[in-house]
Amino acid sequence: MARYGKEHKEATRRRIVEAAGRRFKRDGIDGSGIATLMADAGLTNGAFYAHFASKDELVATAVAEQLHEQRETYWQRPGAGVEQLVREYLSIQHRDDLEHGCPSAALLDEIGRSATPTKQAYTGGVLAIADEIAARLAPDDPESALATTLSLFALLIGTLQLSRALADRQLADEVLERGIENALALLSE
């Protein structure tokens, strides 16, 4: 019986983490069992424990990876700026694409009830995003912009969550528009 190499194991782990990230955002952490997560990755349940000691470890890893990917993907875009970030984050497309959207807006309440490693992974990811934004708001003194950045982050997440929860599509769209206006007003203070 041939054993798989380290590269194969890393690729399989990455596949599990990516599939879990999408599933968690779509169905929630509590609504996503190991069997479903592994099926999404095209693997059997038995393979799970070759990569993770527990579901909590997978959750912490997936949250960290999702935030890292969100940060890296956004700032690599040409002309990426804070106003563009606000407009894209509070877009109808982002709101309606839960599976590929922001892990914060999809999972914040569950992360708040998660084990310490998940909260630590989330905190690290949020601070990395906040540092990126703060550096763009105040290049000479990003620390001074950190409070504004965290307030902006909270406004964006809360606005997106509220818009997703409303049954009235017109009202939900209006919430996004007002959120953009409020975020841009916060940035101009």
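**Questions on helices, open space and burial**

Me: In which helix is the place of Ser 104?
Reply: This is a predicted model, in which local features need pLDDT of at least 70 and side-chain atom pairs count only at pLDDT 80 or more, while totals for chains, interfaces and linings use all residues. Residues are numbered from 1 along each chain as its sequence is written, and side-chain values use heavy atoms, with hydrogens and water left out. Helices are DSSP runs (H or I, at least four residues; strands are E, at least two) numbered from the N terminus, and the place of Ser 104 is in helix 6.

Me: Is Ser 104 buried or exposed?
Reply: With a 1.4 Å probe and protein chains only, buried means under 20% relative accessible area, exposed means over 50%, and partly exposed lies in between. Because the relative accessible area of Ser 104 is 0%, this residue counts as buried.

Me: Which residues does Ser 104 touch, not counting those up to four places away in sequence?
Reply: Contact here means heavy atoms within 4.5 Å. With residues up to four places away set aside, the partners of Ser 104 are Leu 67, Tyr 122, Phe 153, Ile 157 and Gln 161.

Me: At what angle do helix 6 and helix 7 pack?
Reply: Ser 104, Leu 108, Ile 111 and Gly 112 in helix 6 meet Thr 118, Lys 119 and Tyr 122 in helix 7. The axes are lines fitted to C-alpha atoms, for helices over the stretch in contact, and angles run from 0 to 180 degrees between N-to-C directions. With their axes 10 Å apart, helix 6 (residues 103-112) and helix 7 pack at an angle of about 140°.

Me: Which lining residues lie nearest the centre of the largest pocket?
Reply: On a 1 Å grid over the protein atoms alone, a pocket is an open set of points with protein on both sides within 12 Å along at least five of seven lines, a cavity is a set where a 1.4 Å probe fits but cannot get out, and lining residues have an atom within 4 Å of a point. Helix 3 gives the most to the lining of the largest pocket, with seven residues. The lining of this pocket has 28 residues, and nearest its centre lie Gln 70, His 94, His 100, Gly 101 and Cys 102.

Me: What is the volume of the largest pocket?
Reply: Grid points are joined across faces, edges and corners, and a volume is the space filled by probe spheres set on the points. For the largest pocket the volume is about 660 Å³.

Me: What is the volume of the largest cavity?
Reply: The count comes to one cavity of 30 Å³ or more. Its lining consists of Gly 21, Phe 24, Lys 25, Ala 62, Val 63, Gln 66, Pro 103 and Leu 107, and helix 1, helix 3 and helix 6 each give two or more of these residues. The largest cavity has a volume of about 30 Å³.

Me: How far apart are the C-alpha atoms of Thr 149 and Ala 41?
Reply: Thr 149 has its place in helix 8 and counts as buried because its relative accessibility is 1%. Leaving aside neighbours within four places in sequence, Thr 149 is in contact with Ala 130, Ile 133, Ala 134 and Leu 137. Ala 41 is 108 residues from Thr 149 along the chain, and the two C-alpha atoms are separated by 35 Å.
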